[in-house]
Every structure is written in C-alpha cells, then in structure tokens.
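Please take a moment with the sequence and the structure shown here.

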Amino acid sequence: MSPQFLYTIEVMLNGLMAGVMYSLVALGFVLIFKASGIFNYAQGVMALFAAMTLVGIQNGQVPFAHLVNAVFGTNIHGFGWNLPALFAIILTLGVMILFAILVERLILKHLVNQEPIILFMATIGLAFFMEGFGDLMWGSDIKVLDVGIPSGGSLWLEDKTIGWAAEGSNYYGMYIDKLDIVATLVALLLVITLTLFSQYTKTGRALRAVADDHQAALSVGISLRRIWVIVWAISGFVALVAGIMWGAKSGVQFSLSLIALKALPVLILGGFTSIPGAIIGGLIIGVGEKLFEFTIGPLIGGATENWFAYVLALLFLVFRPQGLFGEKIIERV
Amino acid sequence: MGARAAAQSIDQGAELLRVDDISLSFGGVKALTDVSFDVLRGEVRAIIGPNGAGKSSMLNVINGFYHPQQGEVWFAGSQRRNPKPHNIAHQGIARTFQNIALFNGMSTLDNIMTGRFTHMKQNMLMQAFWRGPAEREEVQNREKVEEIIDFLEIQAIRKTPVGRLPYGLQKRVELGRALAAEPILLLLDEPMAGMNVEEKEDMSRFILDVKDEFGTTITLIEHDMGVVMDISDRVVVLDYGRKIGDGTPDEVRNDQAVIDAYLGVAHD
C-alpha cells in the first residue's frame, strides 16, 4: 500500500475519534432538548464545571478557598489528600445530581409553559452564572486532569502498521492517541447504556413519554418535574464524561466550555432530537473536517478546521433543516 | 387509605365524584359558571353541549389540569385541593384527549405499557442494579397489557409505531393506554370524534364492555347524540359554561331548555 493511502486512512481514523469527542458533547444537548424542548446553552459550561469539580475533589482543593481567605484573612489551600479517581468521579456525579435538582427548583419550575426562547435565555444566564461560580469555587487557573486514562500514541498500533507500506518508503506506522481510543470505547458504552435504559426501564419509558407529549405523560401519572431532574442529572453525567475526556486531552480551562460551539453543527447535522443522530453527526463532522484539512486544506492555506463544520452546518440548514435524523417539522396552517 | 383504595371501596351506584359550584375563567372569559353534578360508581355519565359549552374544561378540572377559581371537587369521599395532574392518575383517574395525545415515537405496545406507569413500583436504581424484582414486575405488567390488547382487538398493530396508524386505531390505542392504568374513573374526551359509523359502533361496544367487564366508571364527552343516548346512563348538558340539564337520556331529550340550546330559540 502506498504511504499516501495509509495517511488518508490515518486521517480518517483520527477524524472519527475527534468526532466521538464532539458527539459526547452533542449527546448532552439532545437529551435535554428531547425531554423538555430546551436548547441548553449551558451544556459546555456544565462539562467545564464537572471537570473542574472532579479535579478539585481529587486534589483535595477547598471549595471557595480564595473567597474564604480574602474575607476571613485565613490561609487555607487544600485538605491535603488525593482521592482515588473512581471515588472522585462518583462524588462529582453526586455534585452534578445536586446541580440538576437545583436547576429544576430554582429555574425550570418557575418557567413551566413559557416560550422556548425564554427557557433558552434562562440557560444562557445559567451558563454565565456557572462560569463565574466554577471559577469562584475552584479558582480560574488551568488544571491538569489525571484520572489514569492512558495517553500518547499507541505503539502497538504503530508496530503493527509499520510494515504495511511498500518496502523502502518513509512510513513509520499509524499514530492514534490512546486517549482517543478510550474516549471511543467510553462513548460507545455510554450510548449502549442510555439506549438500554430508555428502552427497557420504567423511567426510560417515562423519559420518552415526556419527550413525545407532556399532557399525555401527566395523564398517565408521570411527574414532569421529576423527569426534568432526571434528564438534567443524566446530561450532567454526560457532561462529566465529556469534561473528563476533553480535560484529559487539553487540560481543564475556560476554553473547554467553548466545545459546546462545536456541538452546534453536530446537532444541525444529526437533528436535535436524535441520539444516534448526535453520534453520527459528530463522526461526520470529525472525519469531514480532518479529511478536508488534509486534502483541500493545503490548496487554500490551511486552518480549515476552524470553519469547515459551520459551513457544512450552513449547507444542511439550507437543504435539510431537520438534520439527518431529526423529526420532520410539519406545521398545520 | 389512599384515594385510589378509597375509590375502590365505594359501592356500585354510590357517589364516586362530585363537583360543586365549579366556576372557571381564563382572564375575562368564563369557561364554567356554578356547575354541579355527580358521577355514580359504575355508570356511564355523558357531558354534552354545543361547541364552547365548557365540556373539555370540565374534564380538565376533574383531571387536575385546570384549577377552578371557585367550587369544590370531591373524589371518593374527600375534597381535592389543587391537585397536581400526575397525582390524579395515581388516584385512579385516567383519560383520553380530544386531539389524540399518544407517544408518537413509541409502538402500540410501549404506549399501552406506559399507561401502566402508576402500577410500577420499582425505582430507577433498583432497575439498574437488581434486575430480579424489576423484571418480574415488567412481566406482570406486560401480561396486563397483552390482555388489553386482546380486549381491544389490536394484536395486529402491537409493534407498529403509533404515528403510522390510521386515526380510528390511534383512538383505540389511546383508550388502551387509559385502560392499562386500571382506572376507577375513566374520562373520555370525544372518543368518537372523526370516526365513521363502523368505527363508532366498535368504540361504543368497547365502552360498554369496559363498563360491564371491568366495572369502570366512565365520564365522556360526545357530540353524536345517537351514541350518547344509546350508551349513557345519565347525561349532563352544558351551554355557555352553565348547566342547563341533567338526567337520563330520555329526560334530557325532552327537556325544552336543551332543545333550545341545540336548535336555537325562535325570536318572534
């Protein structure tokens, strides 16, 4: 095989892996949008907040340490422990569930039956609040997230593939980050779990029922408020997973919340209401932007990854606004 | 004793539900004014009236979707105070909607299964970590659902997504979902609207069978007078949000106020 061909394969594989990361974020959007028709602008910030909380708990950081020190003139920095990763993840999950309950109590409950745009505005407010609150709680410095996920290129894969190219060519094997492989497996597991949950459990059925028809769901005894808490908790969990993966890849810092912007084109491609759509949309964007950069990029000066996804989304908005898998929007006139 | 158990212990022919002096308005629009009537256990009670008479509003009050500004709702011997709609289902009241409200993404089977919601006790964590009891419960509920599917003669469409079904069958699935809750009081909002004669006959038969076989009390809204007179035990007539008649089909049919409301009054 020619090295050129192998490079293309490598680029595609890396694109798929990057796509998985986008899908993880998009998934959180879809869950909330399906169940309550709310476009949750705060999803990206939730991922950032979850990652910050995880790092904070793991490293024994005292929440609001800066604030406490400034007000009381104390000098606390940390509890001085280092928790095992799994334990810290479970505690963080607890924090995200608490967050879901608070969102329902303090925001959603008061905005029942409001226009979607009002709920959207509320989530924008929520996003800004969480941003500041996270900084206040854990500090705004860039943190390293280390929960023991392997990273760096997979040597095994390089060894395996090095002989594939023709004799004498400059080919040193495929480079794929182990972190990306783990992220793919985790995303796969997450999607399978969510699917089984929504298909075969009482609560899963209730979630789908609420997604379809609020009134009918009420009439069979489903409490909307409870379902909202559950949905926000689940998407808090998805945000945590996305936060861990992205945090391990590029550090926990403010720009993490901007990955939410990358999820937008994914949603437009996949449709706002489809879980498989979020996954496949993410993969298409991931592969698309890597391949485009690889093939067309050099011709037009590169750096296409910044805008390719949005242009693709724009084309979709023109020709297929409901996305690949979304429900067709039909309105009675 | 929960409201459901209390309702279950009421004798046939005794009062199950009573609404007293219900007044409901939306802003300046009065939907209901001083409406009172009762529903006896085991009867088919119809609410009729011209368009805009407040029939659906009345059903929504009973169902807890609307909270009237004035008046009392008594169910199973105790007064309800601004209940939450999802709690009403747990008290043993199920309903169907005028504009079919099914879960379109689900199959017929899943729709009816969702109707079993109030009978599922296993919580989320139990379901996730300890499948045994949850599975047993799922199997029991599934059996009940299959019974209802047999009863309504919709075996052929069990796995069909309900969004693809014709209108008449959707209405039947919606009835199935309500029946799955094993309700004590079943509220039907125009169960026969938009149906042809044959479908109406089927639906009438199902309603009477539900009453006879399950002993379910039924309150229904219907426009087809022939059907109403055939299947109901007693009829309430509303017009412009006020009650203008109440009694057996024969009494109502011959009531001058009712005839005027439907046919209009000649102005000399």
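## A bridge and its surroundings

B:Val19 has B:Val73, a residue of β4(B), as its bridge partner. This pair belongs to a predicted model, and the points below place the pair in a wider setting.

**The sheet of chain B**

- Strand β1 (residues 15-26) of chain B pairs with strand β4 (residues 70-75) of chain B over 5 bridges, and the sense of this pairing is antiparallel.
- Chain B has an open sheet in which 4 strands follow one another in the order β2-β1-β4-β5, with antiparallel pairing.
- Because β2 (29-40) and β5 (78-80) of chain B each have a single partner strand, they stand at the edges of the sheet, and one side of each is left without a neighbour there.
- On average, and with direction ignored, neighbouring strands of this sheet are turned by 25 degrees against each other.

**The helix on the sheet**

- Helix α2 (residues 55-63) of chain B packs on the sheet, where it touches β1, β2 and β4 of chain B.
- The direction of α2 of chain B makes about 120 degrees with the direction of β1(B).

**The contact between chains A and B**

- Chain A brings 17 residues to the contact, while chain B brings 26 residues.
- On the side of chain A that touches chain B, α8 (202-212) and α9 (214-219) of chain A each supply at least two residues, and α8(A) gives the most, with 7 residues.
- The residues on that side of chain A divide into 6 nonpolar, 6 polar and 5 charged.

Notes:
Residues are numbered from 1 along each chain as its sequence is written. Chains are lettered from A and ligands numbered from 1 in the order in which they are written. This is a predicted model: local features need pLDDT of at least 70, side-chain atom pairs count only at pLDDT 80 or more; totals for chains, interfaces and linings use all residues. Two strands pair if DSSP finds at least two bridges between them. Axes are lines fitted to C-alpha atoms, for helices over the stretch in contact, and angles run from 0 to 180 degrees between N-to-C directions. Two residues are in contact if their C-beta atoms, placed from the backbone, lie within 7 Å. Ala, Val, Leu, Ile, Met, Phe, Trp, Tyr, Cys and Pro count as nonpolar, Asp, Glu, Lys and Arg as charged, and the others, Gly among them, as polar.
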